[in-house]
Amino acid sequence: MGIKLEVARGDFTSLGGLTIFAELFDRLDLKSKLSPYLPGAKKAALVSRNFYKFRNMALGFVAGAECLEDMVTLNQDPGFVAICKNQTFQSNTYGEFLRSFEPWQLRHISAVLAATALKIRRRMFADERRFILDIDSTDHRQYGSKIEGAAFNHKHNWGLDSLQAFDQFGFQYWMEVREGNAFTSNNAPYAIEKIFAQVPKDMSRYLRADSGFCNHAVLQACIQRNIDFVITMRATMYEPLLQRVSHWHPAQKSSFRGRSCEIGSTIYYPEGFTRAMRVVFIRARKTQPNLFEDGYDYAAWVTSIGEREMNDENLVCFYKKRGNAENFIRELKNGFDIHHFPCL
C-alpha cells in the first residue's frame, strides 16, 4: 500500500490514522463483496447508503466508539467525516440498520471475512503451505441490563460471548457474537466447515483448540473435511485412558506449569468413529501430593496427526503455540475495543 503525504489547509485531527483502514476497505473491494448481504440489497438506491453505514461503524470501532451515540460524537470530528466521505448518520439510523439484519446475512458476511483474510494471507505468505487455525471463545463483559443476549457465564461474568478463529499469522477468519451463557463450542462445526471450504486442499490443514471444543461434533467436522487436529481433552475423557499408557519418558523440550515432566501416549477409539486417534499425555509431580491420588498432575491432547509426522513431544510444542491466539484476541479487545458492542 502506498502512503502519500500532502500539505493541506484544514483542521488537525487525531483520527488521521483511520485513513489506512479506509484505504483497506477500498483496496479489498469490500463494497462489492458485502453489498449483496446487507439489508436492502435488492433495492439499488439502498446498496450504497447501507454499505456506508456498515463502513462507518467499522471505522467507528477502530476510533473507539462504544455505543451508537459515540458515532454521533465522531460526526463532530472533521477527520472522521472526511474519511466517511461526508456520509454520516444519526444513532437511530444506525440502530435501525443493525436491527434489520437477518441470520443468513450474518453467516454470509462471516464467510466474506474468511475469504478476505485468506486472500491477504496468500499475498503476504505465498510460500507457506501450512494453514493452522486456532479456534477459541472469549467473553465480553457488559454493563447494561437491556443488552440483548447478555447473561451470566461460567465465570459469573455478565455479558456476551464470541467465537473467534485465527491462523498462525494472526489473520482472523471468524467472529460470531453469541449469548453470554453460550457453550464454548456452539456453532464451531459450522465455522470450521465454512472456513476450511475456502482453504486450498493442497495445503496442510490443521486445527488447534482447547478442551471446550473436545466433543464428537467438532472431531467429526475435522475428519469429514480432512483436517488434522490437536485438541485438549477434559479430565473426564482422558482419565479412563491413563492405564493404557505403558511407557513414560522424560520431556526434553516441554514443561508442565514450570515443572519438569514426563510424556506418554496411547490409542483412543471414540464411540461412533471408524478410526483410531492418538492421545498424548504429559504429567508432572504435584507440589502437594494428595494421599488418595497418584501424586501427578496431568494434561492430554487428542490428535489425528500420526507419530511419524509429529512425535509426542513435538506435538505438545506444536499445540502450545496456540497460546498466541490469546494475544490476537487481546489485540481485538484492547486495540479495537471489541469489549463492547454498540447496540441493544
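Okay, let's start in a loop: arginine 257 sits between strand S7 (249–250) and strand S8 (262–268).

Before I go on, the ground rules. This is a predicted model, where local features need pLDDT of at least 70, side-chain atom pairs count only at pLDDT 80 or more, and totals for chains, interfaces and linings use all residues. Residues are numbered from 1 along each chain as its sequence is written, and side-chain values use heavy atoms, leaving out hydrogens and water.

Back to arginine 257. What is its phi? It's near 50°, a positive value in a residue other than glycine. For background, most residues other than glycine have a negative phi. Arginine 257 is also exposed, at a relative accessible area of 70%. By the cut-offs, buried is under 20% relative accessible area, exposed is over 50%, and partly exposed is in between, with a 1.4 Å probe and protein chains only.

Histidine 156 is another one to look at. It has a positive phi of about 65°, and it is not a glycine. You'll find histidine 156 in the loop between strand S2 (151–152) and S3. Buried or exposed? Histidine 156 counts as exposed, because its relative accessible area is 67%.

Now zoom out. The protein chain has 12 helices and 10 strands, and its C-alpha trace spans about 75 × 45 × 40 Å along the principal axes. Of its 344 residues, 47% are buried. As for contacts, meaning heavy atoms within 4.5 Å, take the ones between residues at least 6 apart in sequence: 61% of those join residues at least 24 apart.

On to helix H7, residues 103–124. Several H7 residues are buried, among them Ile109, Val112, Ala114 and Leu118. What do the buried residues of H7 pack against? Quite a list: H2, H3, strand S1 (130–141), strand S3 (158–167), strand S4 (172–178) and helix H8 (188–196).

Next, helix pairs. Two packed helices are described by the angle between their axes and the distance between the axes. The axes are lines fitted to C-alpha atoms, for helices over the stretch in contact, and the angles run from 0 to 180 degrees between N-to-C directions.

Take H3 first. With helix H6 (residues 91–99), H3 packs at an angle of about 105°, axes 11 Å apart. That makes the two roughly perpendicular; for the classes, under 35 degrees is roughly parallel, over 145 roughly antiparallel, 65 to 115 roughly perpendicular, and the rest oblique. The residues of this H3–H6 contact split into five nonpolar, three polar and two charged. In that scheme Ala, Val, Leu, Ile, Met, Phe, Trp, Tyr, Cys and Pro are nonpolar, Asp, Glu, Lys and Arg are charged, and the others, Gly among them, are polar.

H3 also meets helix H1 (residues 18–27), where the axes come within 10 Å and cross at roughly 145°. The contact includes Phe21 and Phe25 of H1, plus Phe51 and Phe54 of H3. Its residues come out as 10 nonpolar, no polar and two charged.

Over at H8 and helix H9 (residues 216–224), the axes come within 9 Å and cross at roughly 15°. The pair is therefore roughly parallel. Ala188, Pro189 and Ile192 of H8 meet Ala217, Val218 and Ala221 of H9, which gives six nonpolar residues, no polar and no charged.

Serine 35 is in the loop between helix H2 (30–34) and helix H3 (44–63), and it counts as buried because its relative accessibility is 10%.

Definitions and conventions
Helix = DSSP H or I, 4+ residues; strand = E, 2+ residues; numbered from the N terminus.
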